[in-house]
Amino acid sequence: MLEQVKQKAREILEQKQAEGVLGLKKGLWDVIHPHVFSTPSEIDALVLEPKWLLAKMARALLREQPQNWRLAVVVRGCDERALVELVKRNQIDRERLLTVGYACEANQAKTCLCSRPYPQKLDAGSAVEGVDPFADERVKAYLEGDAGERIERWAAQLKRCIKCYGCRNSCPICVCVPCKLEDDVWVERGVIPAEMVSFHHIRAFHLSDTCVACGACQEACPVGIPLMTLQLSMRAALKKDYNYEAGLDANRKSPVLFDFVKEPRPGQDVPDWVNSMGEKK
Amino acid sequence: MSVDRGNVKILVFACRWCGLIGADGAGRKRIELPASYRVIPVDCAGYVEPDAVIRAFASGATGVAVLGCHVGGCRFNDANHPALKRLELLKTLLDTTGIGGNRLLLGFGTAHESHQYADMILEFHRAMESMPSMASWLPQGQ
Amino acid sequence: MSKISLFLCNCFGEIGRVIDLEFIRKKFEADPDVDSVTIVDSLCMPDDAAKAQVLTRERRIGKVLIGACSPYGKMEFVRLGLAKEGAAVRAVDLREGCAWIHGKDPEGATRKAANQIDMELALLQNRKDSKDLTLRVQQEVLVIGAGPAGLSAACGLARLGFRTHLVDRGSAPGGLLNVVKKVYPTDEPGPGKIKNLVDETGENPLIRFYGKTKISSVKGYAGDFKVKLTGPEGNTALRVGAVVLATGARILFPQGLYGYGKIKNVITQMEIERRFATGALNCKTAVFIQCVGARNAERPYCSTICCPLSLKNAMRVMDENPGARAYVLHRDIMTPGSVLEAYYRKAMQRGVQFIRFDAERPPEVRGQEQVSGVEVFDSISGVSRVIDSDLLVLSTPFVADPESAAIARMFEIPVDKYGFYEEVYPIHPVETRNDGIFICGTSRWPVSSDQAIAQGEAAAIKAASFLGKETVSALAMSRVPGGKLGHAAADAAACTGCGNCVAVCPYKACRLQRTGNRSVSRVIKVRCKACGNCVAVCPNGAMQMPEQNYRVTGEMIRRAFREVR
């Protein structure tokens with residue numbers, strides 16, 4: 001698989017399809033770090049491990065380069081989805097972006113509880129079956145039980161938050177400057193732990209229809225709060241109600257932004273004060 | 001689990017058309033409602049952002065109600081549809097963390113259905129009386 | 001930060017009976033944001049109202065908060081009266097919303113009143129004013145489509161003195177009426193019915209007709225639309241204040257229904273018109289079937305004209321073929337109004353036979369190569385009959401013209417499920433969601449030529465009243481009593497260009513503008529109706545409504561349940 005990726009990357013540079021390839025390089029003293037490969041010979045040092053999300057970096061690179069500079073990115077499934085969401089939100093110009101997609105191995109999928117461990121444009125490796133996160137015991141522990149139990153469990157976790165903003169900083173979709181989470185009106189400043197309800201619910205809801213389940217937030221959290229689990233129910237609701245999954249189609253914007261006529265929700269129980277028979281609700 | 005029986009706080013975002021006129025009608029009829037709710041008038045239910053609802057809960061509200069016009073009858077041509085959809089999605093998040101999607105009432109009706117408006121608020125107040133305490137969520141002193 | 005003057009109305013005791021006004025006064029006199037608190041008996045009555053106005057004027061009070069009855073009563077007038085003195089005036093509902101609805105809980109009501117007043121003070125202190133935009137309204141109008149609706153609109157506008165550009169894709173005006181030899185119920189020729197209008201179009205110098213012309217591009221908004229036309233003489237660029245869409249509809253071809261296209265002499269109403277016109281109609285028994293492809297699940301609407309049309313053609317068949325018979329197989333005969341009802345009776349007296357069938361059991365056509373008859377189950381008598389016939393005429397409905405969708409897209413108005421232009425139904429007839437664009441005639445929904453002419457005049461009047469203003473302020477362009485709250489505005493530095501606002505706006509008022517290597521959202525003030533959806537979906541609050549910005553909302557939420565001692 002590594003050879004296939006390297007081959008593709010070299011082709012891109014040789015045929016001048018892009019000015020640079022963003023991937024991981026095994027550099028000096030075997031330290032692995034992201035790197036923009038600009039010549040085919042450099043590609044020799046390309047590696048594919050560990051999991052490292054490059055989408056946000058790609059955005060930053062493209063912004064500071066002139067309009068005719070194109071970038072190819074070596075991506076896993078989650079990275080590709082993140083790039084799709086960034087394209088949808090006009091953060092990356094799709095004309096300037098190429099991807100070299102490779103599939104994740106089965107253990108990686110299990111570690112990330114990933115339901116789609118492969119990019120849609122697969123250039124190397126063979127796709128393995130995804131894992132259903134809802135079947136995982138650790139996830140179930142946070143989603144089951146009655147409301148009171150869930151409050152206790154989540155409060156116990158979120159109380160440990162040190163407001164490092166790691167989750168927000170590492171999330172490939174979070175690009176807003178200024179950010180609401182730093183605004184006194186929404187989240188009280190200078191308070192540790194962070195205001196649990198406002199900080200975490202605002203963050204989670206802003207990502208409700210664009211979270212691509214890459215796991216960067218959870219991996220970045222120094223105190224190990226199960227942040228991915230927060231998003232799971234909303235992702236499932238969008239899939240069930242609108243057959244929508246973030247990160248798959250760059251031309252389909254979130255269904256929540258449109259009205260019923262354009263994006264109807266089948267079987268929706270529309271709340272009304274009075275139903276059509278005049279009976280009181 | 002202590003219960004907030006005597007201390008129910010409901011924040012109502014009522015749209016200037018059906019929401020507020022419904023409330024006005026109920027008042028004219030001298031229908032008696034518990035004084036547990038405060039009203040923030042908005043031009044359209046579409047204005048209500050989920051972050052404001054979250055902020056209300058973070059500031060100690062027991063329940064939040066968003067009142068707008070019937071789904072086909074928005075003054076601003078279906079501006080309430082996206083509002084309904086995103087607030088329904090917010091309910092999913094509130095359910096996940098245990099706050100409970102049932103603390104968010106979405107009432108879309110007609111201005112002149114004031115009895116129904118009153119019944120709805122009363123029912124919501126009663127439901128909020130038996131909600132579990134959110135004390136563990138909130139900083140001390142709330 | 002300037003201070004606020006608080007006026008509390010006792011409402012002759014209606015409010016004071018429940019809410020402890022003295023307590024409220026003491027509490028807010030101590031509030032650093034409040035300058036003075038005045039309790040009056042009845043703010044709406046001349047004495048107290050005058051007193052309040054004088055006070056506001058003399059002390060040059062900049063911000064006023066009224067605590068009185070609900071805005072749906074007199075309080076709005078009081079508020080406007082005080083606003084005339086130059087102050088920013090807001091009001092809190094202490095009567096319908098507090099005293100009357102919590103009559104049995106004076107303590108709770110007082111606490112609520114204190115909180116609500118506190119919240120409104122926060123609003124007054126944190127609100128800003130939207131920038132307004134004054135627009136010169138272009139005094140010319142574009143009418144697209146020169147059928148009866150378009151002609152009537154154009155003539156109406158020209159009579160009122162507006163220069164009108166009348167565009168049609170055909171070479172001459174008239175639309176569908178040009179091919180109709182006789183129009184019901186008067187039997188006058190189609191072109192004759194609109195002859196006056198067509199003549200006026202030629203004679204009135206204010207009307208310019210463009211034949212064989214299409215719209216190639218549209219930019220702009222109400223008051224200033226920049227439209228490009230493409231015609232045989234090349235391109236024309238127009239700047240108009242309003243546009244009337246009268247682009248018409250076409251008749252459905254009933255492919256696959258009742259043997260149409262397979263069996264000879266199974267024809268549509270358009271084709272029978274042609275046969276009458278060329279004198280090629282010879283038949284012994286004509287059968288008309290109504291509601292073909294209409295009033296069903298796919299097209300659950302009535303096309304208005306087919307019933308009177310069949311009455312007319314049935315009678316013509318009998319007039320032009322002595323001894324011929326005519327049958328009308330129908331589900332309902334739709335002939336509203338006294339004139340059409342009389343027409344129906346005339347047809348019955350003339351000898352046209354009417355047989356009613358149910359939608360669930362439609363007639364069946366007989367014949368292999370040529371139509372030989374029709375079997376119909378008469379739902380009233382419960383008997384099945386076979387009618388021998390040599391001509392079967394199918395009444396099919398109007399369906400949207402294939403070019404409607406493209407035109408709707410260019411003018412940014414929605415179309416309904418069936419392709420007809422969507423109106424702001426029911427409160428603003430002939431208007432659309434895009435201010436300045438008016439719709440009339442069959443492109444709006446199926447109507448007769450009489451109705452189309454009437455609608456054309458309606459559109460003309462509406463367009464004229466819009467143009468007559470010469471200049472208009474964007475804040476005043478609201479269909480809402482009390483005016484628009486304000487305009488949404490995006491902070492260009494904070495905007496990430498995500499496009500959520502563009503997707504969610506019902507009026508397509510948000511646009512992404514490219515600046516350097518990023519996009520930034522810009523609000524078209526004329527289109528914004530202040531519904532607030534864009535604000536709600538903006539991920540970082542770059543989009544705000546200045547009159548009720550996020551500081552206002554945040555403060556109001558925080559003060560809603562502050563302890564009141």
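In chain B of this predicted model, 82% of the contacts with a separation of 6 or more join residues 24 or more positions apart. The chain is built from four helices and four strands, and from the N terminus on these elements follow the order β-α-β-α-β-α-β-α. With a radius of gyration of 15 Å, close to the 14 Å that the globule rule gives for 142 residues, chain B is as compact as a globular protein of that length. Its C-alpha atoms fill a box of roughly 40 × 35 × 20 Å along the principal axes. Of the 142 residues in chain B, 75% are buried. The chain exposes about 4,000 Å², with 51% of that area coming from carbon and sulfur atoms. Chain B carries 14 positive and 13 negative charges, whose mean positions are 4 Å apart.

Turning to chain C, the secondary structure comprises 16 helices and 28 strands. Here the radius of gyration is 32 Å, whereas a compact globule of 565 residues would have a value near 24 Å. The C-alpha atoms of chain C occupy a box of roughly 100 × 60 × 45 Å along the principal axes. Buried residues amount to 56% of the 565 in this chain, and among contacts with a separation of 6 or more, 68% link residues 24 or more positions apart.

As for confidence, chain A averages a pLDDT of 88, and 94% of its residues score at least 70. Over residues 274-281 of chain A, however, the pLDDT is below 50; this stretch has nine contacts in the model beyond near neighbours in sequence.

Technical notes:
Residues numbered from 1 in each chain as written. Chains lettered and ligands numbered in written order. Predicted model: local features only at pLDDT ≥ 70, side-chain atom pairs only at ≥ 80, totals over all residues. Heavy atoms only, no water. Helix = DSSP H or I, 4+ residues; strand = E, 2+ residues; numbered from the N terminus. Rg over C-alpha atoms; globule rule 2.2 N^0.38 Å. Buried < 20%, exposed > 50% of the residue type's maximum accessible area, 1.4 Å probe, protein only. Contact = heavy atoms within 4.5 Å. pLDDT = per-residue confidence, 0-100. Areas by Shrake-Rupley, 256 points an atom, 1.4 Å probe, with all protein chains shown as cover. Lys, Arg positive; Asp, Glu negative; His and termini not counted. Charge placed at Lys NZ, Arg CZ, Asp CG, Glu CD.
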